[in-house]
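Here is a friendly briefing to read alongside the structure. Have the viewer open and follow the residue numbers as you go.

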Amino acid sequence: MTDGATRIAELEAEVRVLRARVAELEAEVAGRPPVAEACFDEAFIGSFGRATIGWNLEGIVTRWSEEAARLLGHSREQALGMRVTDLMGTHERTPEELRQWADRMMSRSMATMRAQYMTRDGRSMQLQWSHTVLRDAEGQATEVLSEVEDVTDQQATERALRDSQRLLLAVLDNTPSYVFIKDTQGRFLLVNRQVEAYLGKSRAEIAGLTDYDVFPRDVATFFHRQDEEALRTGRAMQYEQTLPSPDGPLSYLALKFPVLDAQANPMAIAVISTDITQRRRAEEEQALLRDQVIEAQKAALRELSTPLMPLAEGVVALPLVGAIDAERAEEIMNTLLDGVNRYGAHTAILDVTGVRNMDIDVAGALVRAARAAELLGARVVITGIRGEVAQTLVHLGEGFGGLTTRSTLRAGIAWALRR
């Protein structure tokens, strides 16, 4: 039984005592018999509707309701005169322990205890005893009235609930994520060990605090808005968060979802936050490495796609293969001018046999490269021109004039060597 239910039972017993006291006072006024005889007779006890037992200060049963007979398996005739300790499961205590227990109980108006009970037919029950101490006008204890309730099923339910709670905490405490539950006002209700370690506080210290008590105000406000969104939408929301730490910014992936009551109304919000800092750093390093690899590959391809070859003293050749765009045309010009300077070339051969397509912009870039090489004192011959390439070059008009061309690379080399 929960603390609230226990308190209710105690209050009900106290009300009965007060009613009995009122009846006693009425009896005194009317000249009726004393309350012990008038108010706590068998009919009065039976009216409680519960298993009710009366016993004197020597621990001997003096009153026994029909519900007590049904619950405990003893008839009224059998029960009267029994020692109450045999019913409460306290018979295994020493006389000194029993005396101390009785003194503690008699010092209060009410007391509650639980004990295991074995019925006459061999059934084991968990009973809850609620004792009310009756006193005379001078405040001296005269009798004890006990209500007995079978809480066997309730105890099993409570045990199952405690086991479930232990299992839940075991799972939460052993997950690497930060897990916590807050009420709708943002107060922490439950946290796991990872949250304790992160905040440097125990569960008891964290309970009742809010984000504003443990985080900087801007961070707490950020979290509060996310909580409100998850509560408002009524569904799970996922967020990526960054928090400051002595080791630098930490990245977290937070899953927030409302916890609903029996009427499907939000009663709390649960948060599972996973540290993804290492994953984010690995992704960034991987992206950087990928960019570096791509750039290295592009550089290698540029070098392979514009290979400058010295053919003879003062003669270099630059065979071009594949598609040529503006970026590659720039690379061709740089490679050609660098080769003319490096080898002191008087003749440079641009072979376009392997070029798939050449629009007027690319053709213009090649012509500009040839003109630039001429400014360095080298004559450029373009070889391997096909019909469609020739048409493109013709469209350049006067810009193409003065350039030497040959149909094949072999013819271009022969021309260069004769010079």
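Where is the place of Ser 407? Ser 407 sits in the loop between strand 15 (404-406) and helix 17 (409-418). Please keep in mind that this is a predicted model. As for the whole chain, its secondary structure comes to 17 helices and 15 strands. Of the 419 residues in the chain, 39% are buried. Among contacts with a separation of 6 or more, 49% are between residues 24 or more positions apart.

- Setting aside neighbours within four places in sequence, Ser 407 is in contact with Gly 384 and Ile 385.
- The C-alpha atoms of Ser 407 and Ile 382 are separated by 8.4 Å, and these two residues are 25 residues apart along the chain.
- Arg 410 belongs to helix 17, and at 73% relative accessibility Arg 410 counts as exposed.
- From Arg 410 to Gly 384 the C-alpha to C-alpha distance is 9.2 Å, with the two residues 26 residues apart in sequence.

**Helix 14 and helix 15**

- Two packed helices are described by the angle between their axes and the distance between the axes.
- For helix 14 (residues 326-343) and helix 15 (residues 360-375), the axes come within 9 Å and cross at roughly 20°.
- Angles under 35 degrees count as roughly parallel, and helix 14 and helix 15 are therefore roughly parallel to each other.
- The crossing of helix 14 and helix 15 is right-handed.
- On the helix 14 side, the contact is made by Ala 329, Ile 332, Met 333, Leu 336, Leu 337 and Val 340.
- On the helix 15 side, the contact is made by Ala 365, Leu 366, Arg 368, Ala 369, Ala 372 and Ala 373.
- Sorted by class, the contact of helix 14 with helix 15 has eleven nonpolar residues, no polar residues and one charged residue.

- How far apart are the end C-alpha atoms of helix 12 (residues 217-233)? They are 24 Å apart, which agrees with the 24 Å that its 17 residues should span at 1.5 Å a residue.
- Buried residues in helix 12 are Val 219, Ala 220, Thr 221, Phe 223, Gln 226, Asp 227, Ala 230 and Leu 231.
- These buried residues of helix 12 pack against strand 6 (178-183), helix 11 (211-214), strand 8 (237-243), strand 9 (250-260) and strand 10 (266-275).
- Just after helix 12 comes Gly 234, which takes a positive phi of about 75°.

**A backbone detail at Ala 264**

- Most residues other than glycine have a negative phi.
- Ala 264 is not a glycine, yet has a positive phi of about 65°.
- To find Ala 264, look in the loop between strand 9 and strand 10.

**Glu 66**

- Is Glu 66 buried or exposed? Glu 66 is exposed, with a relative accessible area of 62%.
- The place of Glu 66 is in helix 4 (residues 66-72).
- Glu 66 and Thr 52 lie 8.3 Å apart in space, C-alpha to C-alpha, while being 14 residues apart in sequence.

Conventions. Residues are numbered from 1 along each chain as its sequence is written. This is a predicted model: local features need pLDDT of at least 70, side-chain atom pairs count only at pLDDT 80 or more; totals for chains, interfaces and linings use all residues. Side-chain values use heavy atoms; hydrogens and water are left out. Axes are lines fitted to C-alpha atoms, for helices over the stretch in contact, and angles run from 0 to 180 degrees between N-to-C directions. Helices (H or I, at least four residues) and strands (E, at least two) are DSSP runs, numbered from the N terminus. Angles under 35 degrees count as roughly parallel, over 145 as roughly antiparallel, 65 to 115 as roughly perpendicular and the rest as oblique. A crossing is left-handed if the near helix is turned anticlockwise from the far one by less than a right angle, and right-handed if clockwise. Contact means heavy atoms within 4.5 Å. Ala, Val, Leu, Ile, Met, Phe, Trp, Tyr, Cys and Pro count as nonpolar, Asp, Glu, Lys and Arg as charged, and the others, Gly among them, as polar. The expected span of a helix is 1.5 Å times one less than its number of residues. Buried means under 20% relative accessible area, exposed over 50%, partly exposed in between (1.4 Å probe, protein chains only).
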